[in-house]
Amino acid sequence: MYVGTLSFDLLLGDVRSLKEKRSVVRPIVAELHRKFAVSVAEVDHMDLHRRAVIGLAVVSGDTGHLTDVLDRCERLVAARPEVELLSVRRRLHGDDD
């Protein structure tokens, strides 16, 4: 069994309130969950209206499938025009850990 995680550090565009922030972050979280069946949530900077950290995790029995899903999730977030992807942190955990 392998577990892969991604952490996206995002800078949001013209957002002036936490309510506007939610209207940007929620659709990204929902799309990642719907398209890739990953566990995903906003995990940091919840009190800052122009920053967000989205974390996701996926479990697989095959590292190739795991890497493919993580790559597609990263491309989806990077392609969103309303956010600037500042950094991505990727971790893979296996039975040997």
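Glu31 has a relative accessible area of 15%, so Glu31 counts as buried (under 20% is buried, over 50% is exposed and partly exposed is in between, using a 1.4 Å probe and protein chains only). Keep in mind that this is a predicted model, where local features need pLDDT of at least 70 and side-chain atom pairs count only at pLDDT 80 or more, while totals for chains, interfaces and linings use all residues. Residue numbers start from 1 along each chain as its sequence is written, and side-chain values use heavy atoms, leaving out hydrogens and water.

What does Glu31 pair with? Its side chain meets that of Lys35 in a salt bridge, 3.1 Å from N to O (a side-chain nitrogen of Lys or Arg within 4 Å of a carboxyl oxygen of Asp or Glu). Both residues sit in helix H1, four residues apart, or about one turn of the helix. Lys35 has a relative accessible area of 48%, so this end of the pair is partly exposed. The story goes on from there: Glu31 and Lys35 belong to a salt-bridge network that also links Arg80 and Glu82.

## The overall fold

Zooming out, the protein chain has two helices and four strands, arranged along the sequence as β-α-β-β-α-β (DSSP runs numbered from the N terminus, with H or I for at least four residues as helices and E for at least two as strands). The radius of gyration is 14 Å, close to the 13 Å from the globule rule for 97 residues, so the chain is as compact as a globular protein of that length. That radius is taken over C-alpha atoms, and the rule is 2.2 Å times the number of residues to the power 0.38. Along the principal axes, the C-alpha atoms fill a box of roughly 45 × 25 × 20 Å.

Of the 97 residues in the chain, 33% are buried. Take the contacts with a separation of 6 or more: 71% of them involve residues 24 or more positions apart (contact means heavy atoms within 4.5 Å).

## Other salt bridges

A search of the whole structure turns up nine salt bridges. One of these joins Arg90 and Glu74, at 2.9 Å from N to O. That pair ties together distant parts of the chain, with Arg90 in strand S4 (residues 83–93) and Glu74 in helix H2 (residues 63–78), 16 residues apart. Arg90 has 32% relative accessibility, so it counts as partly exposed. Glu74 is partly exposed too, at 26% relative accessible area.

Another salt bridge joins Asp14 and Arg16, whose closest N and O atoms are 3.2 Å apart. Are Asp14 and Arg16 buried or exposed? Both are exposed.

Most residues other than glycine have a negative phi. Look for Ala37 in the loop between helix H1 (18–36) and strand S2 (39–44). Its relative accessibility is 65%, so Ala37 counts as exposed.

Where is His45? His45 is found in the loop between S2 and strand S3 (51–60). This residue is not a glycine either, and its phi is positive at about 60°. With 21% relative accessibility, His45 counts as partly exposed.
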